[in-house]
Amino acid sequence: MTTIVDPPSDPSPSADDGPAIIHLVPHTHWDREWYEPFQTFRLRLVDLVDELLARMDADPRMRFTLDGQCATVDDYLEVRPAAEPLLRKLIAEGRLAIGPWQILMDEFLVSGETIVRNLELGWRRATDLGGAMPVGYLPDMFGHIAQMPQILRRAGIDRAVVWRGVPAAIDRNRFVWRAPDGSAVDAEYLGRHGYGNGAYLFDVPGRLAGKLAGYVRANAGFYGRRSLLAMYGTDHAVPSPRLVDLVEEVNRTHATVEVRLETLAEYAQGAADAGAAPGPGPEWNGELRSGARANMLMNVTSARIDVKAAAARAERLLERYAEPLTALHGGPWPERPLELAWRRVVDNSAHDSICGCSHDAVHAQVLSRFAEAEQLARGILSRTLDRIGRRAGTGRWAAVNPSPVAREEIVELDVSVPRDVETVVLRSGGRPIASQEIGRPDPLVAERRIRGTDLAAWFERRLHGRELLGRQVNGAAIETNDLAHPRIVVMVDDVADPPELDVEALVEGIGPAGAARPDDLWDVFVIASDRRRVLARVGAPALGWRSLELATDAEPPPVDDAVRADAQGLDNGLVRVALSPDGTFALAGGGVTLDGVGRLVDGGDFGDSYNYGPPAGDRLVDTPTDVRIEILESGPLRARIAVLRRYEFPRAVEADGSARTEVAVETWVRTELELQAGEPFVRVRLRWENRSRDHRLRWHLPLPGEVAHSSAEGQFAVVERGLEVEGGHGEVPLPTFPAAGFVSVSGLSVLLDQVTEYEVLGGRELALTVLRSFGLISRNDNPYREDPAGPQVAVEDGQRLGSCEFAFALLPHAGEWAGAGVLDAAERYRHPFLVRRGTSAEPDEPATEGAGLAVEGDGVVLSALRCRGAWLEARVVAQSPTPTRCTIRGPFDEARDADLLGRALEPLPTEPGVLRLDLRPWEIRTVQLRLLPDPEAGLGGE
């Protein structure tokens with residue numbers, strides 16, 4: 001047995017009031033993928049867990065916390081399935097703590113719904129294996145969102161453990177953390193040294209007692225002297241094999257310190273009785289983004305922007321298209337495909353994955369997972385739209401509204417029209433609707449000259465049933481009279497019209513015709529029907545659809561709120577864009593005017609994936625050397641202008657970080673500005689070829705007046721932020737922030753496609769980061785951060801060389817966001833209508849409209865809508881600083897509350913098809929509605 005000896009210079013705490021209790025929590029922090037790819041790290045995980053389980057099986061005294069994420073268990077069991085019985089045994093005994101998360105995510109870079117699905121998957125898996133740790137373990141997130149306390153409480157969890165982001169005002173280990181709605185959890189703060197605060201206590205057994213006494217002294221002001229938490233573990237590490245014996249020896253030989261070997265769940269359960277820091281604990285309301293005692297690593301928001309765009313696409317497709325529309329209009333509920341899609345998204349929410357601070361191989365895998373999730377979501381959605389198309393019927397189109405409110409939208413159609421029609425007029429809801437022709441595609445699909453002897457073989461090889469060259473055959477003709485070359489004309493289209501056609505009979509004369517003139521050269525034309533690309537303004541019910549059809553006998557109605565475009569700009573009566581010679585523009589609308597909008601500023605970046613850091617002698621480029629204007633569309637429903645600006649951006653930063661290179665590369669940036677009739681915002685899309693390294697490109701918007709704060713939407717809340725942030729740990733406290741749905745200041749809101757980094761400069765200008773190029777995961781000598789954030793590993797893909805794109809919209813308005821219709825504008829911008837071409841009617845009589853489900857209320861946002869058996873589950877959020885009434889209308893006859901994990905709670909009073917909910921400010925509410933089945937629409941999916 002080891003004898004533990006203290007040198008005389010290590011005095012122990014006084015034992016007058018009993019021993020100091022150190023709650024020792026053995027654990028590991030497991031990055032699923034980071035500076036090495038997932039499978040490489042998994043092999044190390046298997047080795048670690050193999051060793052851990054063998055020790056725990058042999059020694060019943062051992063305890064371990066497996067990092068709060070079930071992904072570690074799943075990744076291990078996929079390789080070692082035979083170990084599951086032992087894992088279950090240890091979990092049942094309370095010696096191995098797992099969950100509650102599926103994976104430890106970054107909270108700011110994914111949607112609130114992704115966080116909920118993460119918790120749902122993790123809790124379900126942990127429960128299946130024997131029990132989830134009822135602690136919101138958040139050990140290494142780069143800050144914490146405002147609504148996390150409410151998310152945890154609504155899942156039945158009342159304790160959280162946090163590290164990064166806690167402000168200096170929290171001066172002890174325990175505090176009350178409140179969400180904007182007032183929900184609170186007891187939070188355990190891990191202090192300056194985080195989840196490894198006790199990682200090295202047992203490195204020198206001969207000095208163990210002194211180290212423990214020193215730990216008590218060093219942390220007494222933080223924990224008090226009687227009960228202290230020591231997280232014994234670090235990244236990818238297993239405890240010392242002598243740990244349990246060392247703990248027992250120190251407890252037997254030193255009366256001033258008692259070490260209790262516990263899981264984090266056991267510590268949390270007993271924390272209230274452990275005699276923590278004296279006096280009432282402090283409170284904190286809202287998000288945690290301070291760098292007072294730990295690096296915030298705030299610029300991961302702008303690292304690998306393509307990952308953030310892929311995340312937004314996948315999340316939006318699942319949350320607002322595939323799930324809700326399939327629940328209301330699809331067939332049997334595709335439970336397993338949706339789960340697979342969500343698992344890809346949740347896997348990617350791991351902070352090293354979504355943050356973009358990983359190896360290039362990890363980056364590629366992350367994009368692949370998002371692509372899989374998007375493919376699954378689009379496939380599910382396409383099947384639902386096919387069902388809607390069959391209900392609309394041949395010769396029509398269905399405009400599908402993904403919003404929970406009825407609204408109008410301008411949609412784009414590819415319309416087949418009779419050849420003598422000059423102006424396309426469309427009808428919806430029994431009346432002509434406003435339209436705009438934007439193009440006439442060439443109807444010629446293919447043209448071939450074929451010898452008569454080869455005609456039959458040419459068609460045999462290319463005709464597959466009714467499909468020819470990717471289109472459906474709808475007719476054919478053989479023409480031989482008075483022609484230099486006999487010819488065959490085959491009419492095709494995207495859909496089969498008429499639905500039934502004997503293609504073999506239609507073309508059976510081709511072979512004999514060719515044989516009759518075997519030496520002639522025949523012209524074969526494959527021609528699509530005469531088509532027009534048309535914009536149409538159509539209304540549709542909430543989460544429903546409405547049909548459109550050609551109205552050849554009607555006149556087009558006037559567009560009262562028409563938009564126009566010319567070389568000077570865009571105007572629709574609500575918003576005006578006035579172009580300037582330098583490529584910027586003035587933006588007027590909502591009672592405000594902004595001048596000089598759209599200045600691009602390019603500067604050097606000698607930082608890394610975690611932190612921007614300018615070179616010592618930075619050189620900013622913000623003046624184009626050439627500006628050109630193109631009018632793309634001139635109205636009346638949609639107008640678009642392209643502004644092309646040429647810049648000379650430095651090629652890179654010098655290797656020593658002293659300055660940007662003198663060598664520059666020509667870079668053209670294309671800015672497309674789009675204005676639609678009736679919309680109070682202008683859409684902006686940037687496209688360019690990035691040819692420079694080590695730089696940051698930002699898009700600037702001068703503000704109409706000086707502001708003192710910004711407001712940013714994301715993760716179930718709109719958070720107000722000042723113009724400065726707290727630092728103190730050796731990281732320059734840049735006030736760059738993430739926003740998901742929009743960022744707003746007095747006078748302007750920017751509606752966002754994806755999580756975007758922004759900064760308010762001096763209260764007078766808003767800057768959006770549209771690109772950040774870097775070449776290292778972490779730079780040891782980052783000019784804006786003292787200590788490394790990871791290994792100095794080269795990542796060429798972090799430079800983002802090649803084609804780049806970034807989109808958003810600008811909504812000018814008077815005053816703050818809450819009274820300016822920003823939520824409605826963001827809903828409209830982020831969730832455009834879909835269009836499906838009608839096919840054969842189902843049932844026999846085509847429908848003109850399909851009702852969905854409406855969610856009404858000021859500031860009420862729909863987060864999720866999906867099936868749970870015969871019930872429809874809806875999650876709504878009151879994104880409002882004041883109480884609000886939410887009314888849900890739809891085909892249901894019963895309602896009940898549910899928690900965030902989908903567990904049914906109390907019944908709710910309802911009227912037929914109507915549920916009214918009174919919501920607190922910022923409340924997240926989940927309800928379940930028993931659907932009335934509609935066999936035609938597919939309501940009440942199985």
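The side chains of Asp 602 and Arg 660 meet in a salt bridge, with N and O 2.6 Å apart. This comes from a predicted model. The pair links distant parts of the chain, 58 residues apart. Asp 602 sits in strand β29 (residues 599-604). Arg 660 sits in the loop between β31 (638-650) and β32 (664-676). Are these two residues buried or exposed? Asp 602 has a relative accessible area of 0%, so it counts as buried. Arg 660 is buried as well, at 3%.

Now turn to Arg 772. It forms a salt bridge with Asp 605, and the closest N and O atoms are 3.1 Å apart. Arg 772 belongs to strand β41 (residues 765-772), while Asp 605 lies in the loop between β29 and β30 (626-634), so the bridge ties together parts 167 residues apart in sequence. Both Arg 772 and Asp 605 are buried.

Asp 74 pairs with Arg 125, with 2.6 Å between the closest N and O atoms. Asp 74 is in helix α2 (residues 71-79) and Arg 125 in helix α4 (residues 112-129), so parts 51 residues apart are tied together. How many salt bridges are there? The count comes to 94. Some link up into a network, whose members include Glu 412, Arg 533, Arg 638 and Glu 805.

In soluble globular proteins, nonpolar side chains tend to be buried together. Here the largest nonpolar core has 163 residues. Helix α9 (residues 305-329) gives the largest share, 11 residues. Apart from this core lies another, of 49 residues, including Trp 699 and Leu 752. Back in the largest core, Leu 24 is one of the residues with the most contacts inside it. Among the residues Leu 24 touches are Phe 202, Tyr 232 and Val 259.

Note on methods: Residues numbered from 1 in each chain as written. Predicted model: local features only at pLDDT ≥ 70, side-chain atom pairs only at ≥ 80, totals over all residues. Heavy atoms only, no water. Core = buried A, V, L, I, M, F, W, Y, C linked by side-chain atoms within 4.5 Å. Buried < 20%, exposed > 50% of the residue type's maximum accessible area, 1.4 Å probe, protein only. Helix = DSSP H or I, 4+ residues; strand = E, 2+ residues; numbered from the N terminus. Contact = heavy atoms within 4.5 Å. Salt bridge = Lys/Arg side-chain N within 4 Å of Asp/Glu carboxyl O. Lists of a residue's contacts leave out its neighbours within four places in sequence.
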